[in-house]
Amino acid sequence: MSKQNQWIAGINAVAAAVEHDADNVREVLVEAGGKNSRLTEIEENARRKGIDVRRVAQQALDGVAGGLRHQGVVARYAAAKTWGEDELPALIEAAQGKALILVLDGVQDPHNLGACLRSAAAAGATAVIIPKDKAVQVNATVRKTSAGAADSVPVIRATNLARCLRELQQLGVWIYGLAGEATASLYSIDLRGNVALALGGEADGLRRLTREHCDQLVTIPMPGADAAQGVESLNVSVATGVTLFEAVRQRQA
């Protein structure tokens, strides 16, 4: 567990931290006189779990929220469980041949990462893998954007992403990389087994080494791209949602 404290802000982010990772919530600050019923729910749940709760003025919340929209509640937090690469085998085994892993190669925008984690949690992803370097990490903004998903899906920080992909392949996971120039359509491949879906960062997409470690490159067909001037590729968070839920569709068919 990481012991570095940080402030998280917003009703969904704080509620999820209290519900799923109470041991790492150091205290909760609630706006005095706040009218939202969910603030009361958070306060009561926190007190039940032995977390210190203080009622404070809005100005105090503004000061610790660091510019984030806090909605009347913040929490001092010691970060969620840090998952290691050595835990991948157990996660994949527990998925019983239906592991669904999201690999994000160099996402820089915390709002994009938060949105990707939200989609991953909604799709029931087994894990999300991000590089330790040259990519945004799970911070307060990511937690806020993810609406609590950062606490409910294992996020694995890979020291060496290429090596991690090789390990996935050795564990029987087939890796598909999203690339605009690929000829195979996302909708033509089988996503029902142990699958990892690799998407690149906002600027350059998948890095060369990541591409080389994919079993196949695929693309999301965009019939409107030719007609709509300037439409070349989807935002990474949108592409993540499309890709994950194509896998969900196939698995439920």
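Leaving aside neighbours within four places in sequence, which residues is Leu104 in contact with? In this predicted model, local features need pLDDT of at least 70 and side-chain atom pairs count only at pLDDT 80 or more, while totals for chains, interfaces and linings use all residues. Residues are numbered from 1 along each chain as its sequence is written, and side-chain values use heavy atoms, with hydrogens and water left out.

Taking contact as heavy atoms within 4.5 Å, the partners of Leu104 are Leu113, Cys116, Val128, Ile129, Ile130, Pro131, Leu199 and Thr240. Leu104 and Leu117 also touch the most other members of the largest nonpolar core, which has 34 residues. Such a core is a set of buried Ala, Val, Leu, Ile, Met, Phe, Trp, Tyr and Cys residues joined through side-chain atoms within 4.5 Å, buried being under 20% relative accessible area (1.4 Å probe, protein chains only). Strand 5, helix 5, strand 6, strand 8, strand 10 and helix 9 each give two or more residues to this core, and helix 9 gives the most, with five. Apart from it lies another core of 21 residues, including Leu91 and Ala198.

As for the sheet, seven strands line up in the order 7-6-5-10-8-11-9, open and with parallel pairing. Here helices (H or I, at least four residues) and strands (E, at least two) are DSSP runs numbered from the N terminus, and two strands pair if DSSP finds at least two bridges between them. Strand 5 (100-105) and strand 10 (195-200) are joined by six bridges, with Leu102 opposite Leu197. Strands 7 and 9 sit at the edges.

Definitions and conventions:
Buried means under 20% relative accessible area, exposed over 50%, partly exposed in between (1.4 Å probe, protein chains only).
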